[in-house]
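Please report on the pockets, the cavity and the nonpolar cores of the structure shown here.

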Amino acid sequence: MMTETPSLDLVEFVETQILPQYAQFDKAHNLQHVQKVIRSSLELAHKMGADLNMAYAIAAYHDLGLSGPRAIHHLTSGKILIQDARLKRWFSAKQIKIMKEAVEDHRASASRTPRSIYGKIVAEADRDIQPETVIRRTIQFGLANYPQLDREGHWQRFMQHMEEKYSANGYIRLWIQGSENEKRLQELRTLIEQPQQMRPVFERLFEEETVEKAKNVK
């Protein structure tokens, strides 16, 4: 029977045992990020008639693998999910296998289509393609992982990432047609194609993030 909201006991478990783990990750993958992915996943699951408990748990576990190497974090996240015996309280072995595969399939650089509707849901939810949000998160990642770069170095790294991931030739794929992300991706691509318009946005957000980073160091 399809539920209207995730089970309250599952929500309590996730909020107390799973979500606090995101506090150890960078600002682009912190608690605020996973909460956004959860909200978007539940909205998409509602629209598509998917199981809300499964969509909720998949979203909650999708980035836990960032505790290890980033390049394989989607695979590590899947292992963490399938090895968590506590999930048997809410899900069958078949459901847990689907959930593991969905977590593995969420990564933006994946070249193949997700294996289930749940993989498509979490992949779409993870792609929060509000142009300013994408730009800010990319800056946050750069500041956290490339502290040796000066402002110009960050700009060059930033634009390289934008081109490789979000441009018309980039590797990002959207799996749900007609989504808001499709419209927002086109807005972002327009900025990428016009660096003279992108640079002022970068400068404003870079300044905000460096000021915030300096405050946190004190």
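## Largest pocket

In this predicted model, helices H7 and H8 each contribute at least two residues to the lining of the largest pocket. H7 gives the most, with six residues. The pocket holds about 620 Å³ of space.

Its lining is made up of 26 residues, and those nearest the centre are His-29, Arg-70, His-161, Lys-165 and Tyr-171. By class, the lining of the largest pocket comprises eight nonpolar, nine polar and nine charged residues.

## Second largest pocket

The second largest pocket has a volume of about 300 Å³. It is lined by 16 residues, with Glu-43, Leu-44, Ser-179, Glu-180 and Arg-184 closest to its centre.

H2, H6 and H9 each supply at least two residues of this lining, and H2 gives the most, with five. The lining of the second largest pocket divides into three nonpolar, five polar and eight charged residues.

## Asn-181

Asn-181 is located in helix H9, which spans residues 180-193. Its relative accessibility is 6%, so Asn-181 counts as buried, the cut-off being under 20%. Apart from neighbours within four places in sequence, Asn-181 is in contact with Glu-124, Arg-127, Asp-128, Ile-129 and Leu-174.

## Cavity

The count of cavities of 30 Å³ or more comes to one. The largest cavity has a volume of about 40 Å³. Its lining consists of Thr-138, Ile-139, Gly-142, His-154, Arg-157, Phe-158, Phe-202 and Phe-206. Helices H7 (131-145), H8 (151-166) and H10 (195-217) are the elements that give two or more residues to this lining.

Four of the residues lining the largest cavity are nonpolar, three are polar and one is charged.

In soluble globular proteins, nonpolar side chains tend to be buried together. The largest nonpolar core here has 39 residues, of which Phe-13, Val-14, Ile-38, Tyr-61, Leu-87 and Phe-91 touch the most other members. The elements giving two or more residues to this core are helices H1 (8-18), H2 (31-48), H3 (52-61), H5 (93-104) and H6 (117-126). H3 provides the largest share, nine residues.

Val-14, one of the core members that touch the most others, is in contact with Leu-19, Pro-20, Tyr-56 and Ala-60, leaving aside its neighbours within four places in sequence. Another core, of 20 residues, lies apart from the largest one; its members include Ile-135, Ile-139, Tyr-166 and Leu-185.

Terms used: Residues are numbered from 1 along each chain as its sequence is written. This is a predicted model: local features need pLDDT of at least 70, side-chain atom pairs count only at pLDDT 80 or more; totals for chains, interfaces and linings use all residues. Side-chain values use heavy atoms; hydrogens and water are left out. A nonpolar core is a set of buried Ala, Val, Leu, Ile, Met, Phe, Trp, Tyr and Cys residues joined through side-chain atoms within 4.5 Å. Buried means under 20% relative accessible area, exposed over 50%, partly exposed in between (1.4 Å probe, protein chains only). Helices (H or I, at least four residues) and strands (E, at least two) are DSSP runs, numbered from the N terminus. Contact means heavy atoms within 4.5 Å. On a 1 Å grid over the protein atoms alone, a cavity is a set of points where a 1.4 Å probe fits but cannot get out, and a pocket is an open set with protein on both sides within 12 Å along at least five of seven lines; lining residues have an atom within 4 Å of a point. Grid points are joined across faces, edges and corners, and a volume is the space filled by probe spheres set on the points. Ala, Val, Leu, Ile, Met, Phe, Trp, Tyr, Cys and Pro count as nonpolar, Asp, Glu, Lys and Arg as charged, and the others, Gly among them, as polar.
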